[in-house]
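Me: Got a model open here and want to talk it through. Can you start with the strands?

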Amino acid sequence: MRIFDRTRRARLLVVLLLTAALVLVTIDFRSKGDGPLDVVGRGIMTVVGPLQDGLSRLVRPIGDFFSGFTQVGTLKEQIRQLQEQNAQLRQRERQVTDIARENEQLRKLLGLSDRLNLKTVTARVTGVGPSNFEHTVFIDRGTANGVRKDMPVVAGAGLVGRVVQVSQRTARVLLLVDPSSAVASRLASNGETGVAEGTGGDELRFDLFDAEAAVTIGDEVVTSGYEGGVYPPGIPIGTVTRIQPRGNALARRAFVTTFVDFSSLDFLLIVVGQEAAK
């Protein structure tokens with residue numbers, strides 16, 4: 001009997017639950033969003049929503065922290081790639097700067113050659129002299145290129161020196177600042193002549209033949225170009241920066257700072273002759 005009672009009560013409970021479900025579904029369907037179930041749902045959302053948001057804010061940094069561990073390898077690879085790109089960009093920047101400097105030197109060389117109407121051969125400095133007692137450089141042009149001993153050598157800014165030794169493919173140039181170097185020179189302003197000699201330093205010693213010659217600070221000095229001399233006339237040498245007080249000497253002495261920076265020679269011109277006057 002008890003077994004039959006339990007089965008009947010269970011069936012009755014199922015029928016009641018199904019009936020209640022049908023009633024609630026019908027009510028919710030007809031309510032069009034304003035039914036009691038909707039009200040209950042919105043109430044639950046009002047309570048649970050802030051809790052979900054707060055929990056999410058609390059847990060998110062922890063998730064990000066552990067997520068960062070999984071991305072360490074990727075980040076390291078990205079950093080390595082960026083460092084390589086940065087190194088390549090810096091190298092390209094240096095190359096562009098170096099090319100621009102070379103172009104500027106070549107432009108000045110061509111300008112000086114055209115202005116003085118010179119026949120020239122372009123050369124590049126390949127090294128400096130091995131001795132500490134002489135100021136020389138080596139260039140990549142020789143007899144195969146028409147270069148001969150005692151030919152003048154110029155840079156874009158002015159006179160550099162002369163060829164003192166030459167082989168088939170290379171040559172050695174004695175710089176203007178070497179103590180054994182001497183150049184017949186004149187003041188561009190008034191034509192007063194003299195000899196500019198190297199001192200081994202940054203200045204040239206310029207002895208004017210006329211002890212009463214007028215010379216002032218800032219006067220430009222150029223090659224005088226005597227007949228049969230090594231250097232053509234008018235090649236810029238430098239400017240007068242010091243003048244020795246008058247004395248009983250037979251010559252007037254001044255000191256000249258050269259236009260050429262001998263510490264950064266790169267492209268040079270060897271003067272192999274002069275163009276015929278047009």
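Reply: Strand E1 (residues 118-128) and strand E12 (residues 267-274) run antiparallel and are joined by seven bridges. Strands here are DSSP runs of E with at least two residues, helices are runs of H or I with at least four, and both are numbered from the N terminus. Two strands pair if DSSP finds at least two bridges between them.

Me: What stands opposite Leu118?

Reply: Gln274 in E12.

Me: Before I go on, what sort of model is this?

Reply: A predicted one, where local features need pLDDT of at least 70 and side-chain atom pairs count only at pLDDT 80 or more, while totals for chains, interfaces and linings use all residues. Residues are numbered from 1 along each chain as its sequence is written, and side-chain values use heavy atoms, with hydrogens and water left out.

Me: OK, back to the strands. In what order does the barrel run?

Reply: E1-E2-E5-E4-E3-E12, a closed barrel of six strands with antiparallel pairing. From one strand to the next, the twist averages 45°.

Me: Which helix lies across E12?

Reply: Helix H3 (residues 72-116), which also lies across E1, E3 (152-155) and E4 (158-166), and runs at about 15° to E12. Angles go from 0 to 180 degrees between N-to-C directions, with axes fitted to C-alpha atoms, for helices over the stretch in contact; contact means heavy atoms within 4.5 Å.

Me: Switching to charges. How many salt bridges does the structure hold?

Reply: Ten, each a side-chain nitrogen of Lys or Arg within 4 Å of a carboxyl oxygen of Asp or Glu. One of them joins Glu104 and Arg107 at 2.6 Å, N to O. That pair is three residues apart in helix H3, so about one helical turn separates them.

Me: And what does Arg172 pair with?

Reply: Glu134, at 3.2 Å, N to O. Arg172 lies in strand E5 (residues 171-175) and Glu134 in the loop between E1 and strand E2 (136-139), so the pair ties together parts 38 residues apart in sequence.

Me: Is Arg172 buried or exposed?

Reply: Buried, at 18% relative accessibility, whereas Glu134 is partly exposed at 28%. Buried means under 20% relative accessible area, exposed over 50%, and partly exposed in between, with a 1.4 Å probe and protein chains only.

Me: What else touches Gln165 besides Arg172?

Reply: Ala171, leaving out residues up to four places away in sequence. Gln165 lies in strand E4 and is partly exposed at 42%.
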